[in-house]
Amino acid sequence: MAPGNLKTHEGIQTVGDATIYSVQFQPTDRPIEDRISISVSPDNNRIILGVYDGHGGTDAAEHVSKTLPPALLACPPKPEEHTRIFEATDKAMLDASERDYSPFTSFLRARSGDHIQHAKILRSGCMALILDIDLPGRRVIYANAGDCRAVVCEVVPSGDSEENSNPPSTAELRIQQTVDLNAKSSSEQERLSREHPNEPSLIVSGRLFGKLMSTRGFGDGYYKLPRGLNNWKHKKYVDVFSLLDRASKKVPMNEQYYQYFYGYRTPPYITPTPDTGVMSLSAEDRETGSGFVVCGSDGLFDLVTSEMAAETVREGIRNGVGNLATYLLERVMPKRPGDDVTVIVLTFG
């Protein structure tokens, strides 16, 4: 099944000797909440790819996709810098709303002119995956706050491969990938248990407080803001955000406060701190230029395994297709996604 009119974005961009293919798909009639970003250093040697899986609205994903990449490009490409900038970006979002809606704001200072937008950004949320790619060195630094996934693929010739086949017809794929981090991940459940001891009801039916799949990411202020004595401060913030629910004709969250926040004791429960690391292509693959990267939101990897995605992209390379991201999307579309799907494919050489 082709994406048809539900394809919301499609693009191809060349940077140095790399080509970036992208596509997005929305299976319903609501606005797509995913965002992507492609940012390039002035010398074209460094690319920052971003996939932002939004929920509860588009505001957080839109904001983070615009502010995070330039902050990363302005700093050295190091995992610890990525962690620092992720945390600082989220803190700035929290601080903006706390200043606007502090109990003392009306007495000591006026709200900022952007207070409604600040509330919208914090009312929504997004998981984020950043790939900081050194093109000459074929080195990928990843920072993953959520369950978007990156797959770095090397085409490794086997001993009996055809010499003139490019990539070799019998070559094997060597795959490195990020780890999905959400409320269903055993590692995240263990982390939450460690950070919030004596709170056994954090994960209910595979979701945080039975509501959110997210355990890492930006926004989602409901699960990060301070509680105050007997939760009075937290209830005030929820009252403010619930005004947005009324405007959107949703059931206001403050009317369901104890159902949503029955165990709100030791926030924050969602962290912007990413899992970071480095994935590099081998010297052999750098010589052949046949490696590639696939990344996407969980809407993609709900439909296809990392191995199947890699094999499909390699098949598209062999067949000389126009847009490898669209080719991958169309090959998995018979399964019909129930969520936004974002796909980015980067090829070297």
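Let's start with F209, which counts as buried at 3% relative accessibility. The model is a predicted one, and in it F209 has a phi near 55°, a positive value in a residue other than glycine. You will find F209 in the loop between β10 and β11, the latter covering residues 218-219.

Is S205 buried or exposed? With a relative accessible area of 73%, S205 is exposed, because the cut-off for that label is over 50%. F209, by contrast, falls under the 20% limit and is therefore buried.

One more backbone detail is worth a look before we turn to the helices. P267 and P268 are joined by a cis peptide bond, with omega at about 5°. P268 sits in the loop that runs between α7 (257-260) and β12 (275-280).

With those local features in mind, here is the chain as a whole. Its secondary structure consists of 11 helices and 14 strands. Of its 349 residues, 54% are buried. Among contacts with a separation of 6 or more, 68% are between residues 24 or more positions apart. The accessible surface is about 15300 Å², and carbon and sulfur atoms account for 50% of that.

Next come the helix pairs. Two packed helices are described by the angle between their axes and the distance between the axes. Take helix α1 (residues 59-73) and helix α2 (residues 79-101): their axes come within 10 Å and cross at roughly 140°. The crossing of α1 past α2 is right-handed. On the α1 side the contact is made by H63, V64, T67, L68, A71 and L72, and on the α2 side by H82, I85, F86, T89 and M93. Sorted by class, this contact has 7 nonpolar and 4 polar residues, with no charged residues.

Which residues of α10 and α11 make their contact? First, the geometry: helix α10 (residues 306-319) and helix α11 (residues 324-332) pack at about 125°, with axes 9 Å apart, and are therefore oblique to each other. α10 passes α11 in a right-handed crossing. The contact is made by A309, T312, V313, E315, G316, I317 and N319 of α10, together with L324, Y327, L328 and R331 of α11. This contact has 6 nonpolar, 3 polar and 2 charged residues.

Methods. Residues numbered from 1 in each chain as written. Predicted model: local features only at pLDDT ≥ 70, side-chain atom pairs only at ≥ 80, totals over all residues. Heavy atoms only, no water. Axes fitted to C-alpha atoms, helices over the stretch in contact; angles between N-to-C directions. Helix = DSSP H or I, 4+ residues; strand = E, 2+ residues; numbered from the N terminus. Parallel < 35°, antiparallel > 145°, perpendicular 65-115°, else oblique. Left-handed = near helix turned anticlockwise from the far one by under 90°. Contact = heavy atoms within 4.5 Å. Nonpolar A, V, L, I, M, F, W, Y, C, P; charged D, E, K, R; others polar. Buried < 20%, exposed > 50% of the residue type's maximum accessible area, 1.4 Å probe, protein only. Areas by Shrake-Rupley, 256 points an atom, 1.4 Å probe, with all protein chains shown as cover.
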